[in-house]
Amino acid sequence: MIAIFYSLIVIGAIIFQASVAEYFNAWIGARPDGMVLITVFLGLQRGRETGLVGGFFLGLLQDALSGGLLGASALAKGLIGHAAGSLKRNVSGREALFHALLIFPATTFSAALSAALLFIFVPDVPIPSQYWPEAGKTILLNTCLAPLILGLLAGAEERVLPSAAGTPYPERS
């Protein structure tokens, strides 16, 4: 049941990234990075190893589907998942402000590491001048969406997997 639940989350993230993100781009000129949101959720709910492995595969999938530098997002998302998983025992899964404050540096790290890896491995191609303004919009959009999406995912996990939800502090929920 756990594998089915998380498989549905990954499929939903792909659909979100491919379709809903384009609507955000048309409305406000920025695309949310749904893979960062899901990676942080996996790390917070399941721990370091799951965050690392899940983030790596989500990033690899994102790289393969976007046509970017293969492995750049995989590395970034894997490290973000491991860092989020390190915080698992220190926080409750439903603190909206914490989610927003965690997603801000996570998305910033993802954008900066992707730019650095492009600069290192593809030095002949300059980083577009609109990269940083678009990255800033994505960071702010992810920060605003984080409490909503992570809260919805945590609530869905508690309903679908009540005994195996692995809430860090059940007495706080």
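**Group meeting: salt bridges, ring pairs and a helix crossing**

Three salt bridges are found in this structure. Before I go through them, a reminder: this is a predicted model. Let me take the bridges one by one.

Start with E22 and R31. Their side chains meet in a salt bridge, with N to O at 2.9 Å. How exposed is E22? Its relative accessible area is 36%, so E22 is partly exposed. R31 has 37%, so R31 is partly exposed as well.

Next, D33 and K77. They form a salt bridge too, and the closest N and O atoms are 3.3 Å apart. Where do the two residues sit? D33 is in the loop between α1 and α2. K77 is in helix α4, residues 72-86. That puts them 44 residues apart, so to speak in distant parts of the chain, and the pair links those parts. Buried or exposed? Both D33 and K77 are buried.

Now R46 and E157. This salt bridge is 3.3 Å, N to O. Again the pair links distant parts of the chain. R46 belongs to helix α2, and E157 belongs to helix α6, residues 131-160. They are 111 residues apart. Look at the accessibility of each partner. R46 has a relative accessible area of 23%, which makes it partly exposed. E157 is at 0%, so E157 counts as buried.

On to the aromatic rings. How many aromatic pairs does a search of the whole structure find? Five. I will show two of them.

The pair to begin with is F24 and W27. Their ring centres are 6.3 Å apart, and their planes stand at 75 degrees. Why is this pair called edge-to-face? Because planes over 60 degrees apart count as edge-to-face, and here the angle is 75 degrees. Both residues are in helix α1, residues 2-28. They are three residues apart there, so about one helical turn separates them. F24 is buried, at 18% relative accessibility. W27, in contrast, is exposed, with a relative accessible area of 65%.

The other pair is F56 and F57. Here the ring centres are 5.5 Å apart. The planes are at 75 degrees, so this pair is edge-to-face. F56 is partly exposed, at 36% relative accessibility. F57 is exposed, at 52%.

Last topic: helices α5 and α6. Their axes come within 8 Å and cross at roughly 150 degrees. What does that angle say about direction? Angles over 145 degrees count as roughly antiparallel, and α5 and α6 are therefore roughly antiparallel to each other. The crossing of α5 past α6 is right-handed.

Which residues make the contact? From α5, they include A96, H99, A100, I103 and F104. From α6, they include Y131, W132, A135, T138 and I139. Further along, A111, A112, S114 and A115 are also among the α5 residues, with A146, P147 and L150 among those in α6.

One more residue in α5, and then I am done. L97 lies in this helix, which covers residues 96-121. Is L97 buried or exposed? L97 is exposed, with a relative accessible area of 63%. Its C-alpha atom is 9.9 Å from that of C144. Along the chain, L97 and C144 are 47 residues apart.

Notes. Residues numbered from 1 in each chain as written. Predicted model: local features only at pLDDT ≥ 70, side-chain atom pairs only at ≥ 80, totals over all residues. Heavy atoms only, no water. Helix = DSSP H or I, 4+ residues; strand = E, 2+ residues; numbered from the N terminus. Buried < 20%, exposed > 50% of the residue type's maximum accessible area, 1.4 Å probe, protein only. Phe/Tyr/Trp six-rings, centres within 6.5 Å; stacked < 30°, edge-to-face > 60°. Salt bridge = Lys/Arg side-chain N within 4 Å of Asp/Glu carboxyl O. Axes fitted to C-alpha atoms, helices over the stretch in contact; angles between N-to-C directions. Parallel < 35°, antiparallel > 145°, perpendicular 65-115°, else oblique. Left-handed = near helix turned anticlockwise from the far one by under 90°. Contact = heavy atoms within 4.5 Å.
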